[in-house]
Structures are given as C-alpha cells and as structure tokens.
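Visitor: Could you take me through a single part of this model, the sheet and the loops between its strands, with some care about how each term is defined?

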Amino acid sequence: MRRIATLLGACLLAHPALAADWKLDPAGSKLEFIASFEKAPAPGVFKEFDVRLRFDPAKPAGGTLDVLVKITSADMGVADVNKEIRGKDWFDYAGFPQAEFHSKDLRQAGGNRYAARGILSLKGAKQPVEVP
C-alpha cells in the first residue's frame with residue numbers, strides 16, 4: 001500500500017502556480033503495488049485507474065486528489081498468481097471491483113513537494129493514508 005501511496009504522490013509535484021484541474025494521462029502513467037507473499041515482496045500493477053487533481057501550489061489546502069482504481073485490472077505478471085488474486089483471500093474482484101482514494105487535505109511538504117491526506121477505501125475497509 002505504501003508503494004501505491006508513493007505513486008499517487010507523483011501527481012502532487014509542483015506545476016505552474018495557477019489553480020487547475022489535472023487529469024493523469026494513463027498512457028504515460030503506472031500505478032504499482034507491492035503485496036507480501038511468504039514474507040517476500042510481490043510487485044504488481046493496476047492497469048486501469050483514474051486520477052484527478054484540483055490544485056493551486058499557492059493554496060494547497062484548498063486542493064483535492066481523487067483516485068479510482070479498477071481492482072480487476074491488477075496484474076502480478078504470472079498467470080497463476082493473477083488467477084489467485086481474484087479471490088476473496090486477495091482482492092475479491094466480485095465483491096470489491098474498485099478502490100478509491102479521496103484527499104481531505106493537501107499540504108506543502110517542503111520545496112516543490114506536496115502531500116495529500118485522505119481516506120483509502122479497499123475491500124470495504126476505509127483507512128486514513130498520507131500520499132507523499
């Protein structure tokens with residue numbers, strides 16, 4: 001989940017100092033995740049997601065970051081593993097086909113870096129997350 005947060009944070013890099021609505025270009029973007037399997041990292045990628053950012057670097061507190069992830073687009077690069085992650089023990093595609101992150105607060109984190117605090121909804125659970 002930390003890797004997802006880091007990659008979402010790439011959307012918060014400084015842009016020209018004008019308030020603007022930004023939509024991530026999916027063709028030039030990746031949303032990666034790292035799961036754990038037998039105490040070893042198991043990387044994967046979500047192939048379908050939508051990121052929208054409303055942001056003014058001069059007033060970051062008024063900004064928002066919204067991310068929708070099509071969980072059924074998860075790919076861990078191995079056919080048998082991809083079959084396994086569909087089930088209830090992993091992502092539960094049938095019960096929870098989408099994950100969401102909605103920021104409650106954007107703030108400057110130093111220099112031209114920003115962070116978003118919000119709620120990540122995944123598999124029916126909601127958890128506060130900070131995205132650098």
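**The sheet and its loops**

Guide: Strand β4 (residues 49-55) pairs with strand β5 (residues 64-70) in the antiparallel sense, over six bridges, and within this pairing R54 stands opposite T64 in β5. Strands here are DSSP runs of E with at least two residues, numbered from the N terminus, and two of them pair if DSSP finds at least two bridges between them. The model is a predicted one, in which local features need pLDDT of at least 70 and side-chain atom pairs count only at pLDDT 80 or more, whereas totals for chains, interfaces and linings use all residues. Residues are numbered from 1 along each chain as its sequence is written, and side-chain values use heavy atoms, with hydrogens and water left out.

β4 and β5 belong to an open sheet of six strands, in the order β1-β4-β5-β7-β8-β9, with antiparallel pairing. Its edge strands, each pairing on one side only, are β1 (20-23) and β9 (125-131). On average, neighbouring strands of this sheet are turned by 15 degrees against each other, direction ignored, where the axes are lines fitted to C-alpha atoms and angles run from 0 to 180 degrees between N-to-C directions.

Turning to the loops, K123 is found between β8 (113-122) and β9, and its phi is near 55 degrees, a positive value in a residue other than glycine. E38, in the loop between β2 (31-37) and β3 (40-46), likewise is not a glycine and has a positive phi of about 50 degrees. E38 counts as exposed at 69% relative accessibility, while K123, at 32%, counts as partly exposed; buried means under 20% relative accessible area, exposed over 50% and partly exposed in between, with a 1.4 Å probe and protein chains only.

Technical notes. Helices (H or I, at least four residues) and strands (E, at least two) are DSSP runs, numbered from the N terminus.
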